[in-house]
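Good morning, and thank you for coming.

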Amino acid sequence: MTLAIATQNTLEARAHAWASKQDDDLKREAASAANARDPDRLWSLAEAFLATRSRGRTETSPNTLRAYRRGILDLIDAWQHENLLRPSRNAPDLYVMKLMLKGLKPGTIAIKLASARTLYAALTWAGAVERDPFKGVKGPPDLEAPWDKRRPYTEEEVSRLLTKSRAVDRVLVLLGAHAGLRVAEAVDLLWTDVDLDARELKVRHGKAGRPRTVAVSAGLARALADLQAITSRDRVLGYTTTTRARARMRRLAFRALVPYRGVHALRHACGTRMAREKGLEAAQHHLGHQNLATTQVYAKWNQDEIRSTVGAWE
């Protein structure tokens with residue numbers, strides 16, 4: 001079953017197709033999709049709900065849409081013996097239990113629950129159900145501290161990664177460690193988004209769909225110029241999936257003898273360095289955080305460095 005994420009124009013058209021229906025037709029077609037367990041139509045309904053709800057508000061990012069799409073498909077697969085319009089009373093809690101038994105992390109389970117709530121918000125919007133069966137259902141508490149989940153690559157590790165990288169992989173490392181891009185933002189970057197003369201690049205779809213302009217370091221500018229000279233592709237990295245980026249990063253970390261912490265840890269390295277050198281507000285601006293509280297986690301790593309330094313004093 002294919003659940004392709006629509007382009008912006010297609011999404012607009014699909015949202016209009018659902019939202020412009022008469023109430024009775026909207027209710028009937030949404031109920032029909034749920035009874036048929038049709039993933040394409042249910043995802044289309046959820047997209048339409050998100051697009052209509054967010055009109056005039058913050059746009060849902062492509063990355064969030066991908067996560068919700070996957071979560072809705074997972075719920076449909078898990079509830080093979082449930083009536084989607086009238087699930088049994090304990091079905092939501094049993095679904096959470098199943099996710100926990102699979103060993104999923106609390107953060108991943110939270111995304112699955114958010115996806116399920118999005119589906120039922122869409123069905124409620126359409127009038128096909130009267131309430132969200134996941135209302136009040138909670139996932140397991142996340143006991144891991146935010147800074148432990150955001151452990152960055154050290155500057156020494158970034159240097160070792162760069163020593164072992166060439167061309168595309170070097171740009172990938174520096175887009176994270178210097179420009180602070182998220183992996184989806186790096187993969188989405190086009191050459192038309194890069195202005196080497198002005199030493200800046202544009203992120204067209206950041207978190208929650210927000211665009212931003214990012215300063216380009218001297219090292220990243222050189223790496224981009226070197227790569228641009230040997231490629232004819234529209235995308236800077238030349239590939240279209242975050243899975244590919246993570247696989248390349250994993251291989252690079254292995255070659256550099258650096259513990260693999262994912263691609264996002266490069267962004268954390270950037271935030272930690274910027275916070276140390278220029279302060280939290282500069283890090284907030286560079287990373288595109290809406291709230292300074294999000295950036296404050298990088299102060300934890302600065303404190304760790306201070307403790308390590310002071311601890312070595314005689």
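Let us begin with the largest cavity, which holds about 40 Å³ of space. Please bear in mind that this is a predicted model. By the rule applied, the count is one cavity of 30 Å³ or more.

Which residues line the largest cavity? They are Glu185, Asp188, Leu189, Asp193, Lys202, Val203, Arg204 and His205. Two elements, helix H10 (183-188) and strand S2 (200-203), each give two or more residues to this lining. Sorted by class, the lining of the largest cavity comprises five charged residues, two nonpolar residues and one polar residue.

I turn now to a pocket. The second largest pocket has a volume of about 270 Å³. Its lining is made up of 16 residues, and those nearest the centre of the pocket are Leu85, Arg86, Pro87, Arg131 and Pro133. How do the lining residues of the second largest pocket divide by class? Nine are nonpolar, six are charged and one is polar.

Leu94, Met97 and Leu101 make a nonpolar surface patch of about 350 Å². Met97, one of these residues, belongs to helix H5, which covers residues 91-101.

Thank you for your attention.

Key: Residues numbered from 1 in each chain as written. Predicted model: local features only at pLDDT ≥ 70, side-chain atom pairs only at ≥ 80, totals over all residues. Heavy atoms only, no water. 1 Å grid on protein atoms, 1.4 Å probe; cavity = no way out; pocket = protein on both sides within 12 Å on 5 of 7 lines; lining within 4 Å. Points joined across faces, edges and corners; volume = space filled by probe spheres on them. Helix = DSSP H or I, 4+ residues; strand = E, 2+ residues; numbered from the N terminus. Nonpolar A, V, L, I, M, F, W, Y, C, P; charged D, E, K, R; others polar. Patch = residues over 30% accessible without salt bridge, like charges linked within 9 Å, V, L, I, M, F, W, Y side chains within 5 Å. Areas by Shrake-Rupley, 256 points an atom, 1.4 Å probe, with all protein chains shown as cover. Salt bridge = Lys/Arg side-chain N within 4 Å of Asp/Glu carboxyl O.
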